[in-house]
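Please look at the sequence and the three-dimensional structure shown below. The explanation after them is meant to be read with both at hand.

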Protein chains: 2
Amino acid sequence: MTATLRRPQSEQPVKPTLIDGDIHTTFASEKELLKYLPKAWHRHHEMLGRWSFTGTNYPKESPNAARVDSWPPGGGSPGSSLPFLREQLLDEWGIDIAVNNPLFHSAVQRHPGYTAALARAINEWQIGEWTDPEPRVRASICVPQEEGDLAAAEIDRLGEDPNYVQVLLVIRGSEPLGRRRYWPIYEAAVRHNLPVSIHFGGQGGNPLTGTGWPSYYIEDHTGMAQSFQSQLTSLVFEGVFERFPTLRMCLIEGGFGWLPSLLWRMDAAYKRLHEEVPHLKRLPSQYVRDQVWLTTQPMEEPAKPEQFGQLLRHGNLADRLIFATDYPHWDFDAPGQALPKTRLPDGFEESLFYQNALDLYGPRLLPVKKV
Amino acid sequence: MTATLRRPQSEQPVKPTLIDGDIHTTFASEKELLKYLPKAWHRHHEMLGRWSFTGTNYPKESPNAARVDSWPPGGGSPGSSLPFLREQLLDEWGIDIAVNNPLFHSAVQRHPGYTAALARAINEWQIGEWTDPEPRVRASICVPQEEGDLAAAEIDRLGEDPNYVQVLLVIRGSEPLGRRRYWPIYEAAVRHNLPVSIHFGGQGGNPLTGTGWPSYYIEDHTGMAQSFQSQLTSLVFEGVFERFPTLRMCLIEGGFGWLPSLLWRMDAAYKRLHEEVPHLKRLPSQYVRDQVWLTTQPMEEPAKPEQFGQLLRHGNLADRLIFATDYPHWDFDAPGQALPKTRLPDGFEESLFYQNALDLYGPRLLPVKKV
């Protein structure tokens, strides 16, 4: 700590014989910065602002990527008020069960002890502030994703508590999720019959694309679907599904239109290159068919409505898609608006709005008694 | 240079008072190594072998990724003998025009002068050894891809020679291909009315996936389709197609089943985030529709044949797909076996086997007189 220092008063001007080669100034306020930034860039500055070679970001005008109407009237951030969530989501849309996916990027902190403590805090907080007072909200077990052993310990600690319905990972970590360092997570999830769900986002030190950093947020937003493809490829070919045949996984907020062609491509590659991966016993598409679910938000929007039904058949998706609103995020899908206006397979709405989720989560999703 | 040195003979054993902390030995031969490598890994060693955190590789047993029957009887590597190429490809399958894409990774060398010289050598060699003696073979302008100005100079040097039908890039470079450093390439191509084609492969220092290095070659082979998606996303959102409205591009050997859902996703993102990219004037899918072609090898193999026709409609692909054999590579598609056994759109075979290529390449593809 340094006290304020002042140069003694003097009549003589100081000659330039003392040079400080390093000082730092900063804008007094955002307003001062905007005074100097050309007006054409003000909107961009407000919407996205400074964003460098890191992981995922959200538009600045939507902290937590929130809908503009989702700020609780009593103050606090979107998604921070249970009464307002009841009013704006659960009651408004008649939602019986909502799976909570807290995204504090606890998964991708560098300090192993801190990230484990942060995950534990988030898990306790979910029960204390959300699931206990509102049984319609179910909790996810957040884990220190990059530390397989610490993650498994947290899953073992909470895995038999019926308030938690899944283990939560993020799609972008340090390495492909099929690699051995992550196997303790899957092993622990299977031990407690918990699905492992992987959500949009995260950061692990690598650029989003295999060819370097894109320039625009819209590329990041579009390109996240490629991370889902990479991760599913890794999980299949590393043999995670073969090794853990009772493991169920859900891919959240990554879209699903890319799934059919990825399955075709994996199957074709497997037919020619299976010698490299003798630990696989089935076609890649068969593992995915039996063990992978996906959420709808964002709902794919084919150019023509009738192509939606074809897409469902290409990916055998009708019994694997789970409806999601993504509340309170800015790209919220309302239940009434989510479906394309086209003829859908018989029973599809029932599957989408509850049966597929029950298949994935099992009895944990049914109303639970307070412990 | 050091002469051979020998320790003088002595009856006394040498005491361990001299320690060399760093010497190096190596296996005398592959055979010696195999003597010590468990038999279970011999096949892997022969097929793929050592492969670290670099770019794309090919199975070792297929140097140049070649078909086992493509080694010329007179010696040399697959694809190195014009008489054998005539016999095995052009005459065997009745191919009238074959576009040559030499893949020496000249695009991704680090030395700017060397990579420019290498590209120039490859370009001269194509004419001297292939296109001059065999007009059915057309040449590509290889360029030092990472150096926009040097690449443009090479395109300007050769762009009016009708033997060259396109500029050739690889899909994995140092940065997303929409970025400004690459614009001189597109500008030069447009100046000479040459399409820019981007081929599977390359390496730029980043792992293939946005989440790190995969373990298996089969992941690399499957995952390259994600690089094609990333690059098309970059080209669209950086405004390359808007800036160069007469630019035509072709994506070679990256598949095409991923295209429909990528277009749906880009259009949906653009509707919500267009403010960030005000340099775009049209929907992403409209640029792709007008300016992008794709080759068939590998032909997508939907689970059910009738899904192939649906896929064509989802991506408006019927007039954009160009047939390719990928000769002499191991995953060669023969013209007679390329198409799924299903009802195809009227005129599709004509489109696939020549009309779409003529649309992309223009009159350069028609028989040329010797200069």
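The following paragraphs treat the sheet, the helices beside it, and then the contact between the chains. The model is a predicted one.

Strands of a sheet pair through backbone hydrogen bonds, either parallel or antiparallel. In chain A, seven strands make up an open sheet with parallel pairing, and their order is S1-S2-S3-S4-S5-S6-S7. Strand S1 (98-99) and strand S7 (321-322) of chain A stand at the edges; each has a single partner strand, so one side of each is left without a neighbour in the sheet. One of the pairings can be followed in detail at the S7 edge. Two bridges join S7(A) to strand S6 of chain A, residues 292-295, in the parallel sense. Within this part of the sheet, Leu294(A) has Leu321(A), in S7(A), as its bridge partner.

Helix H5 of chain A, residues 148-158, lies across strand S2 (137-142) and strand S3 (164-172) of chain A, and runs at about 145° to S2(A). Helix H6 of chain A, residues 183-191, lies across S3, strand S4 (196-202) and strand S5 (249-252) of chain A. The direction of H6(A) is at about 160° to S3(A).

We now turn to the two chains together. Chain B is superposed on chain A by a rotation of 180° with 0.0 Å of shift along the axis, and the RMSD is 0.0 Å. The two copies are thus related as by a two-fold rotation axis. The same surface serves both copies, since 100% of the contact residues of chain B recur in chain A.

How many residues of each chain are in contact with the other? There are 70 residues of chain B in contact with 70 residues of chain A. The size of an interface is often given as the accessible area lost when the parts come together. Here chain B and chain A bury about 6000 Å² between them, with 55% of it on carbon and sulfur atoms. Of the area that chain B buries against chain A, 14% is supplied by Thr211(B), Arg265(B) and Glu276(B), more than by any other three residues.

Specific contacts also cross this interface. Two salt bridges are found there, including one between the side chains of Glu275(A) and Arg43(B), at 2.3 Å from N to O.

Note on methods:
Residues numbered from 1 in each chain as written. Chains lettered and ligands numbered in written order. Predicted model: local features only at pLDDT ≥ 70, side-chain atom pairs only at ≥ 80, totals over all residues. Heavy atoms only, no water. Least-squares fit on C-alpha atoms with pLDDT ≥ 70 in both. Contact = heavy atoms within 4.5 Å. Pairing = 2+ DSSP bridges. Helix = DSSP H or I, 4+ residues; strand = E, 2+ residues; numbered from the N terminus. Axes fitted to C-alpha atoms, helices over the stretch in contact; angles between N-to-C directions. Buried area = accessible area lost by both parts, 1.4 Å probe. Salt bridge = Lys/Arg side-chain N within 4 Å of Asp/Glu carboxyl O.
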